[in-house]
Amino acid sequence: MKRQIKKVAVLGSGVMGSRIACHFANIGVETLLLDIVPQELNDAEKAKGLTLQDKAVRNRIVNNALQNAIKSSPAPLYDKVLERNITTGNFEDNMKDIAECDWVLEAVVENLDIKKSIFEKVEKFRKPGTLISSNTSGIPIHLMIDGRSEDFQKHFCGTHFFNPPRYLELFEIIPTAKTDKEVVDFFMHYADLFLGKTPVLCKDTPAFIANRIGVYGLMETLEATLSLGLTVEEVDQLTGPVIGRPKSATFRTMDVVGLDTLIKVANNLYAALPHDEAREKFKIPELLIKMEQNKWLGEKTKQGFYKKVSSPDGKSEILSLNLSTLEYGPQSKSKFATLEQTKTIDDLKERLKILINGKDKAGEYYRKTFLGLFCYVSHRIPEIADELYRIDAAMRAGFGWQMGPFETWDAIGLEKGMALLTEAGLKPAAWVYDMLSAGNTSFYKIENGKRLYYDISSKSYKIIPGTEGFIILDTLRASHVVWKNSGATLFDIGDGVLNLEFHTKMNTLGGEVIEAINKSIAIAEKDFNGLVIANEGENFSAGANLALLLMYAIEQEYDEIDFMVRTFQNTMMRVRYSAIPVVVAPRGLTLGGGCELTLHADRVQAHAETYIGLVEFGVGLIPAGGGTKEFVLRVSDSFEDGDIMLNNLKNAYMNIATAKVATSAHEARTMRILRDADRITLNRSRHIADAKQSVLDLYRSGYTQPKQRRDIKVLGKSALGMFYAGANAMLAGKFISEHDVKISQKLAYVMCGGDLSAPTLVSEQYLLDLEREAFLSLTGEKKTLERIQSILNTGKPLRN
């Protein structure tokens, strides 16, 4: 059956329901969001003379919930204009409207009786064949279909988003014994291609996969913390990015989630898992009981394991909880010899090998928590999943781990892990012993550029289903490298297409990356059909190498700076005017030079979560790698004259002058950073494959090398005066500093094409020269150097 999702109904507008509705709106799906009708008027409604029959009153709960979601941080919408895709209503007046929907998703309170009553109403109005699902995080799915029709049961499934739905990639799919396979297959397909999620097929077991393993991990961590006498901040130091986990680590994560939520899930698991060999791990320790009694639940009660306070001088400070005395005090930093050994090691797999062998308390902590986790997940197969890769995928996508439990075990070494488990008196599942006995030494391996997993039932390695169309650079390192230097690697990704990956710190664009871009284009022009510039890191590029620029500026090596800027500009123009199509695929932070590289691509294949902008103004400079030129060119190409063109120029100027960063690829399009022909990918795993397809589309459509532009309209003095006057007015109002005025006027001079007496057509090179001259003059400013130094030292610009 060919299905299309044109309209979705989300039933329940709480924290999850409203944000799920927003994510459907993000992908352009018409969404109906419903909730209950209020039982009484509030004071504001009484003052207006409204009654319980007024629509504004009847939809008050759903409307307030949606607006609260839209205003929340992180934002659930790619752009607030996408709210137009959501229509609100209530269960009494609008349940009939679900007859027009292709998918009805329930997201009401976690109460089985309430959910079943909602499904009874849904049954009256849904069309036969319509998909119906529940976003429950833990109620057994099969209990929800009692008394429902055969058609309802065949099309019903658990579909569990993780919060926040826009950002977390996990989408757990939990069928019942009566769910049609076609429905399961469709959800797997739709979640991947349209929602941009990592779909994970789960069994209908308590807390499914991610929360089952995640809560076990948190409880194991808490137990290790108390037994080893570690502090809250020490554990967060040990369990964050150093082991490939989010910055919120352990206790900060508990505060964000809410201690009451953790306690509820753990209690439910303890009650529901009488035969779990690690059941006692889910028993709530006295510490958490006391914190719950004190209502120290985390962010929702403004204190948990951390507490934010204000000192008498008005400065805020975050205190941490002493787990022994239950008193709050200043945070203290500890040094662990094991962590010190890993400071210079960027490769997570190599770090983990050192951490697990640590001889101090940190090493002891890692052995206790990792080994317990390895043992636990081995016993969960086939209980919660038949294949081990599903557990790893769930933990990566749902909890933000860079590596799942089995992947972590592989990094340490399967045999090494087994030896440590034996030493600790822990016994994993029998299938692990069988696997080792058969001569298999890892859970995953790479063959012919494809990643395979160990399939327990067949005792063989198989390709991970659904990944056949992915391009994963890590699987190509051993066999598909065409060229490399210290800052970048060039891969052959098939069909005559190359992929250039940066691997400098934060993927900054230093000399080695500039060399790699030019070399890659030269190789592609000689022997290939096109080039993708993309990587698999969290961020595409943080921009140019500021440390090198600062060094030259301090030493007044202005010829070196001039050469550096010219080389960067020439490289960007090489990207734009090569003989082969170049597609840039940004994701995450794409700032400064990274944005300029994106602006010069033949086509951009942006990930939906691309945070892109020209931020040079914040360090006292203007974009000089062609970024300012490109903004002017795009205003000129808007085919609008007079006041409209001037207004577009003003918007472009303000985007640079305020160092504005788009909060999504969708917003980048409204800022003219992305053009109409540029494309957006939702699923991170498909990003490079989609970029490759864009190269092939350009090549097969007869790509020819473009010519440099000499027809860019600039407005000269007619616009320059307006920008100068605006900057001086901002200074008079004390909104900006004198140094800001100087930068603003330099930027305006470039964007207006100089002080030309009338609107004129100019070339790209003319604007590049103006960019470079303005940039060089600003590098000689003391206050600019102070701002650059501040960024390098603290990550924050200095206001001077």
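In which loop does P382 lie? P382 is placed in the loop between α16 (361-379) and α17 (388-399), where helices (H or I, at least four residues) and strands (E, at least two) are DSSP runs numbered from the N terminus. The structure is a predicted model, in which local features need pLDDT of at least 70, side-chain atom pairs count only at pLDDT 80 or more, and totals for chains, interfaces and linings use all residues. Residues are numbered from 1 along each chain as its sequence is written, and side-chain values use heavy atoms, with hydrogens and water left out.

Most peptide bonds are trans, and most residues other than glycine have a negative phi. The bond joining I381 and P382 is cis, with omega about 10°. The peptide bond from S73 to P74 is also cis, with omega near 0°; P74 belongs to the loop between α4 (60-71) and β3 (86-90). D495, which is not a glycine, has a positive phi of about 60° and sits in the loop between β16 (488-492) and β17 (497-502). For N507, likewise not a glycine, phi is positive at about 55°. N507 is located in the loop between β17 and α21 (511-527) and is buried, with a relative accessible area of 9% (buried: under 20% relative accessible area; exposed: over 50%; partly exposed: in between; 1.4 Å probe, protein chains only).

In strand β6 (residues 156-161), 6 of 6 residues are buried. F156, G158 and H160 form one covered side, and C157, T159 and F161 the other. Pairing requires at least two DSSP bridges between two strands. Strand β5 (residues 131-134) pairs with β6 in the parallel sense over 3 bridges, and S133 stands opposite C157. Strand β7 (residues 170-175) pairs with β6 in the antiparallel sense over 5 bridges, with P175 as the bridge partner of C157.
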